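Colleague: Could you walk me through a few local features of this model? I would like the cut-offs as we go.

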Amino acid sequence: MNEITITHILFVSTALFFIGMYGLFTRRNMITMLMAVELILNSVNINFVAFNKYLYPGKLDGVFFTIFVITIAAAEAAVAIAIIINLYRSHNSIDVDDASELKY
Amino acid sequence: MNHYSYIALVPLLPLATFLVLGLFGRKYVKTFSGTIGTASLLASAVLSLYTAYNYFFIDGKVNGVFQKIIALKYTWLQFSPNVSIDMGIILDPISVMMIVVVTFVSLMVHVFSLGYMKGEERFATYYAFLSLFTFSMLGLVLASNIFQIYMFWELVGVSSFLLIGYYFEKPSAVAAAKKAFIVTRFADLGFLIGILILAFYSGTLDFGVLIERLTATQSSQYISITSASFLGASMLTWGLTLVFIGGAGKSAMFPLHIWLPDAMEGPTPVSALIHAATMVVAGVYLVARLFPVFSIDVTALQIVTYVGAFSALLAAVIACTQTDIKRVLAYSTMSQIGYMMFALGVSKYGGENGLGYMASMFHLFTHAFFKSLLFLGAGAVIHLVHSNEMKDMGGLRKLMPITHITFLIACLAIAGIPPFSGFFSKEEILLAAYQSNLLVYGLAVFTSGLTAFYMFRLYYSIFWSREAHVHDTHHGEGTFSMKLPLIILGACALMAGFVPIASMVTSDGSALETHIDIKFSALPVIMAVLGIAMATYLYKVKSERAVTVAEGFGGLYNAALKKFYIDEIYLFVTKKIIFNLIGRPAAWIDKNIVDGFMNLLATTTGKISELIKGFQSGKVQNYALYFFGGILGLAVLFIYLWN
Amino acid sequence: MNASVIIFYLISAFILATGIMAVTNRKIFRSAIALLFSLTGIAGLYFWMDVNFIAAVQIIVYVGGIVVLIIFSIFLTQRSGEEMPKPHMTRTVFSVLAVLAGLGLTCNLIYQYGFNSASNLPSTFSADVADIGTQMLSTTEHGFVLPFELVSMLLLAALIGCIVIAMKVKQEEK
């Protein structure tokens with residue numbers, strides 16, 4: 001492979017995405033689930049930038065999207081932490097399997 | 001719609017009374033229910049008499065032949081362009097005669113019940129049921145469509161069930177009501193199959209069209225019904241015999257007669273209405289309605305004849321031994337209806353040959369009066385003595401003079417002594433039998449002797465025989481409302497023989513000439529007088545003579561006392577055979593297989609739901625996993641497998 | 001095989017390895033630090049792709065903000081030294097299967113699509129900060145001022161929301 005094509009970058013971002021998914025399915029701690037979500041968001045950012053750079057080099061739309069995604073991810077992480085803290089206060093645990101009130 | 005359409009009021013007035021009394025009777029109008037019922041029935045009776053007057057004397061005749069008039073017709077259920085169930089009212093000689101008989105007797109029973117049933121808790125319900133019965137019976141006789149008659153037939157059965165089981169606290173009454181309903185329902189199965197056969201081959205359900213098609217020997221329907229055969233008899237015979245089976249059930253012919261004696265558990269006025277004058281003649285009416293078709297099928301007519309004759313004889317023999325006065329009257333009814341049946345059986349259609357038909361209808365007319373009079377009289381006696389058994393009675397002629405005289409009139413009428421009404425009608429029947437079938441004639445004459453014997457045995461046991469020892473005579477013979485119907489019916493039993501039925505009710509509508517042949521009538525009258533003499537000898541004064549005679553008959557007496565063990569045979573067949581061989585396995589299948597299958601479905605569903613329940617665990621990550629798995633599956637499906 | 005390619009492979013391997021560590025490590029603190037390294041690796045990837053501004057934003061916001069926030073919340077909510085419980089075996093197995101299946105499917109799709117861009121274009125791509133800034137606030141056709149304003153409102157909402165959710169309710173009795 002003499003050139004890095006967009007396909008390589010997409011492979012990386014896909015792998016990162018699925019690593020994040022695995023973390024989302026497997027981790028029992030809510031904070032570690034949040035960390036996995038951040039990985040997913042980052043993989044999406046890599047995708048945006050890669051598409052912008054390789055397919056539409058005249059425009060800057062992908063870059064802007066990435067900026068906005070980062071911003072919103074930050075806001076979302078903050079809100080998620082607030083919720084986790086609230087849940088911790090009521091259940092006294094951040095194990096996600098303990099918050100199963102919606103079972104049958 | 002012609003000017004007879006007011007006749008719709010005749011059955012509808014009792015129906016309205018039934019609804020009003022049934023819905024509001026118990027709470028609001030309890031003491032007036034009797035008056036309301038009687039008043040509405042009085043109106044019905046007046047309308048019926050007016051219709052009869054109009055029909056018979058003013059405009060029923062065309063060229064000297066009474067016409068069948070369809071007063072009202074309404075298509076209710078259309079099965080196909082040719083076959084439909086219409087609700088209609090037909091006016092022809094027998095239906096007009098029947099509405100007069102039914103409303104009149106019902107009116108007498110209503111008036112009598114005002115006194116007899118006074119103080120009953122469920123007074124309003126009684127009158128409601130009586131009105132329902134009257135409505136059903138009127139609907140039955142006015143029906144113009146064979147399915148309509150079947151519907152009213154069933155309604156009559158239901159009303160009779162309600163009335164027989166009126167004293168529902170008594171288990172014997174409940175059992176009797178059930179027995180009546182089941183036996184007649186079983187017979188109605190035959191009736192329904194007969195209807196279907198006749199309707200199938202003739203392509204119509206309307207009486208007029210059906211008779212027309214099946215009696216025209218050239219028509220395609222007649223040819224098809226007589227050429228198709230099953231087990232050696234043509235379908236016409238099968239259809240008519242099955243219809244007759246239905247009629248035999250309602251009219252208590254052998255072997256479907258078992259319900260009639262037990263039906264005496266109901267109140268006595270009910271017995272007077274239902275089991276004397278109206279419901280039990282429904283079978284005779286049915287055969288008369290279909291008579292043109294019956295008359296062309298020799299086998300069916302012979303079955304009618306022999307069943308009727310045998311029932312008459314059997315009932316007369318049994319009645320000689322019974323000690324419950326109502327049961328004697330019940331068997332007497334069965335015997336007289338047997339007379340009516342075989343009179344139809346020996347008749348032919350048209351003109352002079354239709355003598356049996358006319359005789360049967362004449363006897364129906366007179367029998368209604370004297371039989372209901374007998375029952376009402378028995379009711380008055382039972383009201384005084386508080387018992388049904390002959391041994392508790394005796395010498396009542398001084399205590400109940402009016403009942404005594406009217407009962408005597410009725411007994412003379414039923415025995416066939418001139419100039420009472422029964423003589424004329426019986427004479428016509430015997431003449432018709434003599435002209436066709438000598439065996440039946442012989443049986444009929446012997447039975448009329450027996451009839452006189454057992455009726456006077458009854459009369460003497462109640463009113464003579466010994467000194468009365470009735471303890472409480474505080475309510476005497478009964479109120480005026482109980483005596484008035486007896487007097488009126490007594491007058492009718494005297495005079496009804498002189499009504500010129502022969503010129504009005506005949507098989508084809510044209511008038512018949514009748515005259516009294518002294519030489520012919522002598523034999524039955526002599527038999528009747530002999531019977532009365534024998535009864536006087538044995539029963540007028542209480543003695544051991546009756547017991548000696550009974551012992552002389554030995555086994556025959558015992559068998560007759562036990563009603564020839566017919567009930568025991570029925571019980572054996574139903575309990576040992578039907579219940580064990582059919583009932584129990586059917587119940588087992590129902591409980592284990594049918595219910596078991598349903599339970600199996602339910603438990604399986606429960607178990608599956610237990611399994612599926614685990615999917616809603618409340619754990620978010622499981623949900624995420626299912627979600628993602630679904631997306632993967634769909635993605636694979638749409639990307640790779642779609643085309 | 002020039003340096004650019006090798007550097008790319010190194011950075012990618014670093015990102016993926018630390019990412020795997022972040023999602024599998026039993027100690028929560030180590031998992032957070034692995035996340036930190038992974039995000040830094042991604043910033044490195046951005047640098048390699050010549051989008052310097054994004055790389056800077058990534059480091060400032062993600063690494064310096066979000067990971068710190070996560071570490072704070074770890075402190076707030078649990079005894080961070082202990083090991084976290086392992087997930088159930090069935091869940092691990094199914095997750096691995098699902099993830100590998102998904103990965104296989106997506107990689108297959110990407111490979112089959114065959115982007116036609118591979119060769120020449122990277123040289124005409126420029127993401128200068130000045131260009132980004134101008135375009136962000138311009139109201140003409142490719143301007144992003146509207147999303148910019150909306151995002152600012154969203155941040156306000158998130159700020160207020162966080163405060164409200166996480167606020168301790170003051171006890172009334174004193």
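Here are some questions and answers on salt bridges, a strand residue and a surface patch.

Modeller: Before we start, residues are numbered from 1 along each chain as its sequence is written, and chains are lettered from A and ligands numbered from 1 in the order in which they are written. This is a predicted model, where local features need pLDDT of at least 70, side-chain atom pairs count only at pLDDT 80 or more, and totals for chains, interfaces and linings use all residues, while side-chain values use heavy atoms, with hydrogens and water left out.

Colleague: Thanks! How many salt bridges does the structure hold over all chains?

Modeller: A salt bridge here is a side-chain nitrogen of Lys or Arg within 4 Å of a carboxyl oxygen of Asp or Glu. Over all chains, the count is 10.

Colleague: How many residues apart in sequence are the parts tied together by B:Glu154 and B:Arg185?

Modeller: These two form a salt bridge, with their closest N and O atoms 3.4 Å apart. B:Glu154 sits in helix α5 (residues 146–164) of chain B and B:Arg185 in helix α6 (residues 171–202) of chain B, so the parts tied together are separated in sequence by 31 residues. Helices are DSSP runs (H or I, at least four residues), as are strands (E, at least two), numbered from the N terminus.

Colleague: Is B:Lys179 buried or exposed?

Modeller: B:Lys179 forms a salt bridge with B:Asp567 at 2.9 Å between the closest N and O atoms. The pair links helix α6 to helix α24 of chain B, 388 residues apart. Buried means under 20% relative accessible area, exposed over 50%, and partly exposed in between (1.4 Å probe, protein chains only). By that scale, B:Asp567 and B:Lys179 are both buried.

Colleague: Which residues are linked with B:Arg327 in a network of salt bridges?

Modeller: One link is the salt bridge from B:Arg327 to B:Glu265, with the closest N and O atoms 4.0 Å apart. B:Arg327 lies in helix α15 (residues 325–345) of chain B, and B:Glu265 in the loop between α10 (259–262) and α11 (268–277). The network links B:Arg327 with B:Lys170, B:Glu265 and B:Asp324.

Colleague: Which side chain does a polar contact of 3.0 Å join to that of B:Ser84?

Modeller: B:Ser84 belongs to strand β4 (residues 84–91) of chain B. With a relative accessible area of 11%, B:Ser84 is buried. A polar contact is a pair of N or O atoms within 3.5 Å; within protein, one must be able to donate a hydrogen and the other to accept it, and residues adjacent in sequence count only if both atoms are side-chain atoms. The partner is B:Asp86.
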